[in-house]
Amino acid sequence: MTLRHTTRFTVEFGDCDPAQIVFYPNFLKWIDSATRHLFAAAGVPAWSQMEAESGIIGTPLVEVSARFVRPATYGDEIAVESWVDEWRARSFVMKHVIRRGDDVLVEGRETRVFARRHPDDPARIEVVAPPADIRRLLG
């Protein structure tokens, strides 16, 4: 069964543009943060610990899309529901739905990969297959 997790945020004045609506990149920031919160809720260790144990340094983003349905403004309480929608051989797809109460504000999709430092050049990274233990935790 796929684990779903909800991360809650309060929209702050500084998250908004001069029209007092959320500046769209902030939705992407909250989606990114919700991804890590999902991993933590599943029991995946912090990336620093993962690197020490398995060499994995994180899950870089390789593609993102968002459909903006309704605006939000400062003071709004929003919830980002997140889950892994698809596992692939060398990547995975995250889905996110941002709501204010029952109203859908944004639907987001991310494609991510697991990465470790390249063995020949630590300044570079290389993609690795999603670890089986993490796949089991996230469903």
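The legends below describe several close-up views of one predicted model.

Residues are numbered from 1 along each chain as its sequence is written. In this predicted model, local features need pLDDT of at least 70, side-chain atom pairs count only at pLDDT 80 or more, and totals for chains, interfaces and linings use all residues, while side-chain values use heavy atoms, with hydrogens and water left out.

**View 1. An open sheet of five strands, in the order E1-E4-E5-E6-E3**. The pairing in this sheet is antiparallel, where strands (E, at least two residues) and helices (H or I, at least four residues) are DSSP runs numbered from the N terminus, and two strands pair if DSSP finds at least two bridges between them. Strand E1 (4-10) and strand E3 (61-68) are the edge strands, each of which pairs on one side only. From one strand to the next, the twist averages 20°, with axes taken as lines fitted to C-alpha atoms, for helices over the stretch in contact, and angles running from 0 to 180 degrees between N-to-C directions.

**View 2. The pairing of strands E4 and E5**. Strand E4 (residues 77-87) and strand E5 (residues 92-100) run antiparallel and are joined by eight bridges. Within E5, valine 97 is the residue that stands opposite glutamate 81. In general, the strands of a sheet pair through backbone hydrogen bonds, either parallel or antiparallel.

**View 3. Helix H1 across the strands**. Helix H1 (residues 25-42) lies across E1, E3, E4, E5 and strand E6 (103-112), and it runs at about 115° to E5.

**View 4. A salt bridge between arginine 67 and glutamate 107**. The side chains of this pair meet at 2.9 Å, N to O, a salt bridge being a side-chain nitrogen of Lys or Arg within 4 Å of a carboxyl oxygen of Asp or Glu. Because arginine 67 lies in strand E3 and glutamate 107 in strand E6, the pair ties together parts that are 40 residues apart in sequence. Arginine 67 is partly exposed, with a relative accessible area of 49%, and glutamate 107 is also partly exposed, at 33% (buried means under 20% relative accessible area, exposed over 50%, and partly exposed in between, with a 1.4 Å probe and protein chains only).

**View 5. Further salt bridges, from a whole-structure search that finds 11**. Aspartate 85 forms a salt bridge with lysine 95, with the closest N and O atoms 3.5 Å apart; aspartate 85 is in strand E4 and lysine 95 in strand E5, 10 residues apart. The side chains of arginine 112 and glutamate 110 meet in a salt bridge at 2.8 Å, N to O, and both residues are buried.

Conventions
Contact means heavy atoms within 4.5 Å.
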